[in-house]
Amino acid sequence: MNSLQQQLDTGIQHLRAGRFDEAWAVAEALKSAFPEHPEPYLFAADAARMRGDRKGAVGQLDALPDPMRSSAPVLLRKAQLQFADSQRAAALDTVRMAMPAIDREEGELRAVARILSDCQLAEEARDWLLEAHQRLPESVAVLFDLAVTEFHLNLAEEAAEHIDRLLATEPYHPGALHLRSQLTTHTADSNNIDALRRCLATGPDHPSLVTAANYALSRELEDMGQYEEAFAALKTGASAYRATLQYDSQQELESHALVRDGFSAADFEALPQGCED
């Protein structure tokens, strides 16, 4: 028999390839073969979500016996699913239930912060990210999440400090380069134009970097009134971004047909009315 991880990998491959029924079959088999492990139920929740059954996805996690049902990974995944189903209040209640069980591991700290941020509690999300940063001061992922949250809280100086620390470790981080350009109005005496041009000249020729660095360059040039150069950088960035898009009109039509055939008017009438608050 293949190991639990091998079978999970097979199921994940089915999900990535859009073979949702095959993934669901793997999930059902895994729950029968490994009932004492939470991983099959977490995967079953993902498979149910991809099949359009959001309530069923949460039900998979609720079917777990305690103490697994009350573990931090399960509660965090449940909160994410509830938020995706427009159950903001329920998601917030669930993440608060998870908080005492968080083991202060990076992924869990970031997950709590993301759910809090999604629920419009950016200040509380920042508190969790500050704790994560204190525990893992070199974590690029934590530094970026923290800077983004501070940007939304209008804490531009704090965000800039964390972006600078991030870029000292990872100078070609696309998101950080782009975010830095949004934090202030740039002037002839205070800008990153030369640094961005060096980044484009010496960094990897990757579309995400070319896009982000050019968008950042465009923003800073625009701040300084250099509109022709700003537009040229914007155009270069947009071209790099378009090169990453893979659009297949036939696939798009087939996807629309699946939605049309898979959902009836009654299905749409049964949908919740949106966020509760």
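1. Start with the second largest pocket, which has a volume of about 260 Å³. A pocket here comes from a 1 Å grid over the protein atoms alone: an open set of points where a 1.4 Å probe fits, with protein on both sides within 12 Å along at least five of seven lines, and lining residues have an atom within 4 Å of a point. Grid points are joined across faces, edges and corners, and the volume is the space filled by probe spheres set on the points. The lining of this second largest pocket consists of Gly 18, Phe 20, Met 50, Arg 51, Leu 258, Val 259, Gly 262 and Phe 263. Helix H15 (residues 249-262) gives the largest share of it, three residues. By type, that lining splits into five nonpolar, two polar and one charged. For the classes, Ala, Val, Leu, Ile, Met, Phe, Trp, Tyr, Cys and Pro count as nonpolar, Asp, Glu, Lys and Arg as charged, and the others, Gly among them, as polar.

2. A word on what you are looking at: this is a predicted model, where local features need pLDDT of at least 70 and side-chain atom pairs count only at pLDDT 80 or more, while totals for chains, interfaces and linings use all residues. Residues are numbered from 1 along each chain as its sequence is written, and side-chain values use heavy atoms, with hydrogens and water left out.

3. Now the largest pocket, with a volume of about 440 Å³. Its lining has 14 residues, and those nearest the centre are Gly 52, Arg 54, Asp 85, Phe 263 and Leu 271. Helix H4 (54-62) and H16 are the elements that give two or more residues to this lining. The residues here divide into six nonpolar, two polar and six charged.

4. Phe 263 and Leu 271 turn up again on the surface, in a nonpolar patch with Val 259 and Phe 268 that has about 380 Å² of accessible area together. Such a patch takes residues with over 30% relative accessible area and no salt bridge, with nonpolar side chains (Val, Leu, Ile, Met, Phe, Trp, Tyr) joined within 5 Å and like charges within 9 Å. The areas come from the Shrake-Rupley method with a 1.4 Å probe, and for residues only the protein chains shown count as cover. Leu 271 sits in the segment after helix H16 (265-269) and is partly exposed because its relative accessibility is 47%. The scale: buried is under 20% relative accessible area, exposed is over 50%, and partly exposed is in between (1.4 Å probe, protein chains only).

5. As for the overall fold, the protein chain has 16 helices and zero strands. These are DSSP runs numbered from the N terminus: helices are H or I with at least four residues, strands are E with at least two. The C-alpha trace spans about 65 × 50 × 45 Å along its principal axes, and buried residues make up 38% of the 277 residues.

6. Some backbone spots to look at. The peptide bond from Asp 66 to Pro 67 is cis, with omega near 5 degrees, and Pro 67 is in the loop between H4 and helix H5 (72-84). Gln 120 is not a glycine, yet has a positive phi of about 65 degrees; you'll find Gln 120 in the loop between helix H7 (106-118) and helix H8 (122-135), exposed at a relative accessible area of 57%. Asn 154 also has a positive phi, near 60 degrees, and lies in the loop between helix H9 (140-152) and helix H10 (156-169). Asn 154 is exposed too, with a relative accessible area of 69%.

7. On to charges: the whole structure holds 15 salt bridges, each a side-chain nitrogen of Lys or Arg within 4 Å of a carboxyl oxygen of Asp or Glu. In one of them, Asp 62 pairs with Lys 78, the closest N and O atoms being 2.8 Å apart. That pair links distant parts of the chain, with Asp 62 in helix H4 and Lys 78 in helix H5, 16 residues apart. Asp 62 is partly exposed at 35% relative accessibility, whereas Lys 78 is buried at 18%.

8. Two other salt bridges sit within single helices. Glu 131 and Arg 135 meet at 3.3 Å, N to O; they are about one helical turn apart because four residues separate them in helix H8. Asp 223 and Arg 219 meet at 3.4 Å, N to O, and both lie in helix H13 (residues 207-223), four residues apart.
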